[in-house]
Amino acid sequence: MTHTEPSTPWPELLAELRGDTSPGLWRAAARRLREDPAARDTHAKRTVRLSLLATHTTDFLAELLPVAALSCGIDLTLHQVPYGQVEAELLDPAGSLRAARPDYVLLCGTEHDLGLGTAPPDDVVGAAVDRWSGLWKRVRDNVGARVVQCLFAAPDVDARASSAGYDDDTDTAVVARLNAELVRVSGESVLFVDCDRLAAQAGRDVWHDPRHWHTLRQPVSPSALPLLARAVAGVLCADLGLTRRCLVLDLDNTLWGGVLGEAGVLGVAAGQGADGEAFALFQEYLGRLRHRGIALAIASKNDADLVEQALEQAPGMRLRRDDFAAVVADWRPKSEQVREIAARLGLGLDSLAFVDDNPAERAQVRDRLPEVDVISLPGDAALYRRALAGRPTLEPGRVTSDDRNRSTSYAALGEADRLRGASDSLDDFLTSLRMRAQVREMTLSDLDRATQLLQKTNQFNLTTRRYSQQEIATRIGHPDWTCLLLALRDRFAHHGTVGLLLLHRSGTDADIDSLLLSCRVIGRTAERRLLAAAADAARAAGCTRLVGRYVPTARNALVQTLYLDLGFERLPDTAAGPETAARYAYALDGDVFPDTPHISEESD
């Protein structure tokens with residue numbers, strides 16, 4: 001079967017798009033999506049409106065963006081502004097941009113806009129920063145959308161560059177300075193697509209095609225456009241919380257060279273020789289993914305004791321047992337192992353990616369667990385890193401301190417599970433965790449983490465409302481809103497900021513707009529701590545009851561009876577039915593809300 005064969009099932013085609021940037025594949029997929037728009041409803045998890053504003057033509061990019069987004073689970077509605085109308089459209093109160101009401105605005109320029117070589121480098125950089133940062137402000141103020149900025153790619157021909165040195169006034173150096181300055185002045189309000197890195201990856205002679213620029217005002221060649229479309233989709237994927245949280249890895253000929261059962265602990269290759277060096281570099285790359293918040297796990301058809309021994313003793317290993325949040329080694333089908341890992345970590349299957357050198361194992365997992373992102377590996381271990389690099393479902397986006405804590409937090413779940421097994425009761429287990437929590441008011445510096453929680457949390461999420469950063473920012477400090485965050489630590493790990501509650505006061509009611517907890521701390525009674533703080537804030541504001549809402553989804557049945565379990569009463573005006581939101585109330589005219597006895601207060 002060729003890449004472009006129309007009978008390829010959509011899940012397989014979308015998986016190919018995540019790892020393959022062949023122009024023929026992408027054009028065929030774009031045509032197929034136009035002919036089969038129902039695929040959006042079947043394979044999308046989120047719906048997004050994107051407006052595309054550029055100083056150059058964008059028709060070719062616009063053709064590929066919807067299918068790139070769908071490969072990440074996003075149904076993208078695209079609005080294009082005629083090229084060269086960037087400022088005019090942002091200033092026009094009756095223009096098509098405001099009518100489109102986009103969630104994101106993608107701003108694209110080209111090195112041809114910069115006047116390279118016509119002014120001193122400082123002036124070139126200063127003028128470009130002023131222009132584009134001013135456009136960001138107009139997007140926020142006039143449209144209320146999230147900005148995605150394409151950084152500039154250095155030109156393919158630089159008359160002032162020399163192989164003998166690197167002067168700071170070359171066109172290449174000026175573009176690098178400009179990109180760095182744009183990132184610096186953006187703070188945390190802008191998302192970026194690093195087009196200069198993409199151009200270097202593709203090769204500048206491939207990225208730039210002067211013929212298309214002069215005839216069509218198209219700066220990126222058609223052969224490089226899939227790379228750009230996939231990168232834009234990856235940025236959206238990360239911002240919407242759709243990136244995978246755990247990478248599940250095979251061992252034999254995936255994490256190391258050779259077969260453990262045949263070569264033994266000292267015989268697997270990781271560090272020595274050409275093959276060993278390739279696997280060692282792959283492990284180092286995986287370690288960096290872990291540092292950026294993607295947990296690592298192992299699913300291996302091997303004897304468990306031998307695997308544990310190899311992870312600790314095999315020579316040349318860059319990763320050891322403590323780097324993995326879960327290790328499953330037995331002789332069951334890989335799909336069953338992966339399902340167990342998801343259950344251990346409290347993650348949905350759509351939060352996992354799976355890597356295995358064996359195509360039969362990949363096919364088995366893809367067939368049984370279509371929600372998992374199954375990543376194909378090339379035949380040579382030296383190319384393994386490239387198979388993962390640039391994959392939109394592994395794009396971390398802007399990394400927070402909570403992201404860096406996440407892998408340690410997942411690993412601590414295993415320690416907690418062992419403690420649970422040794423405890424006589426749930427109360428004894430919770431007490432033995434020695435948990436401490438801090439509940440505090442949200443500030444603007446918390447926007448990244450708050451948005452992550454609202455976008456990513458599915459299981460313990462009463463309403464699953466997905467707010468943008470701008471929408472959250474309008475609530476912080478508002479007199480009618482209380483925005484709370486909860487951070488939790490236990491004897492095994494600091495789990496970071498894992499809970500959020502948004503409270504809206506209306507008359508004498510305090511409505512719980514959003515209440516959610518990370519899957520890592522479900523079952524720890526932390527929701528009681530959040531609700532107790534919300535009750536105190538509501539009572540202090542003169543409210544007489546808390547009102548909560550449960551909106552059922554395919555993923556949040558876990559919290560269906562939460563409010564009843566905590567002493568709320570279901571309101572009689574709530575209609576029955578599995579698809580109907582239920583409302584609950586808790587009177588604040590009596591005792592204080594019953595806090596959890598298992599969590600003490602964390603000192604500042």
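**Entry 1: a network of charges**

I began with E340, which is partly exposed at a relative accessible area of 24%. The model I am reading is a predicted one. I then looked for the partner of E340 and found R332, the two side chains meeting in a salt bridge of 2.4 Å, N to O. R332 has a relative accessibility of 26%, so I put R332 down as partly exposed. This bridge belongs to a network of salt bridges that links D330, R332, E340 and R344. I also wanted the count for the structure, and it comes to 32 salt bridges.

**Entry 2: two further bridges**

I looked up D141 next. Its salt bridge is with K137, and the closest N and O atoms are 2.5 Å apart. Where do D141 and K137 lie? Both are in helix α7, residues 121-143, and they are four residues apart, about one turn of the helix.

E308 is in helix α15, while R321 is in the loop between α15 (304-313) and β8 (326-330), so the pair ties together parts 13 residues apart in sequence. I noted that R321 is buried at 18%, whereas E308 is partly exposed at 31%.

**Entry 3: a buried arginine without a bridge**

I found R362 in helix α17, residues 359-368. R362 is buried yet has no salt bridge. How far away is the nearest side chain of opposite charge? It belongs to D356 and is 5.8 Å away, and a salt bridge needs a distance within 4 Å. Leaving out residues up to four places away in sequence, I listed what R362 touches: F354, D356, D357, V374, I375, S376 and L377.

**Entry 4: aromatic pairs**

I counted nine aromatic pairs in the structure. For F279 and Y384, the ring centres are 5.9 Å apart and the planes stand at 80 degrees, so I recorded the pair as edge-to-face. The pair links distant parts of the chain: F279 is in helix α14 (residues 273-291) and Y384 in helix α18 (residues 384-388), 105 residues apart. Buried or exposed? I found both F279 and Y384 to be buried.

I then turned to Y563 and F568, a tilted pair with 4.7 Å centre to centre and 55 degrees between the planes. Y563 is buried, with a relative accessible area of 2%. F568 has 3% relative accessibility and counts as buried too.

**Entry 5: arginines over rings**

I looked for charges over ring faces. R32 lies over the face of W10, at 4.7 Å from the ring centre. R475 lies over the face of W481, also at 4.7 Å from the ring centre.

W10 came up again when I looked up H43. I place H43 in helix α3, residues 38-43, and record H43 as partly exposed, with a relative accessible area of 23%. Leaving aside its neighbours within four places in sequence, H43 is in contact with W10, P11, L14, L70 and G73. I also noted K456, 413 residues from H43 along the chain; the C-alpha atoms of the two are separated by 17 Å.

**Entry 6: helix α12**

I wrote α12 down as mostly covered, with 15 of its 15 residues buried. After α12 comes G241, whose phi is positive, near 75 degrees.

Most residues other than glycine have a negative phi. I noted N253, with phi near 60 degrees. N253 lies in the loop between β6 (246-249) and α13 (260-263) and is partly exposed, at 30% relative accessibility. I also noted T464, another residue other than glycine with a positive phi, near 50 degrees. T464 is in the loop between α21 (447-456) and α22 (469-475). Its relative accessible area is 18%, so T464 is buried.

Key: Residues are numbered from 1 along each chain as its sequence is written. This is a predicted model: local features need pLDDT of at least 70, side-chain atom pairs count only at pLDDT 80 or more; totals for chains, interfaces and linings use all residues. Side-chain values use heavy atoms; hydrogens and water are left out. Rings of Phe, Tyr and Trp (its six-membered ring) pair if their centres lie within 6.5 Å; planes under 30 degrees apart count as stacked, over 60 as edge-to-face and the rest as tilted. Helices (H or I, at least four residues) and strands (E, at least two) are DSSP runs, numbered from the N terminus. Buried means under 20% relative accessible area, exposed over 50%, partly exposed in between (1.4 Å probe, protein chains only). A charge sits over a ring if NZ of Lys or CZ of Arg is within 6 Å of the ring centre and within 35 degrees of the ring normal. Lys and Arg count as positive and Asp and Glu as negative; His and the chain ends are not counted. Contact means heavy atoms within 4.5 Å.
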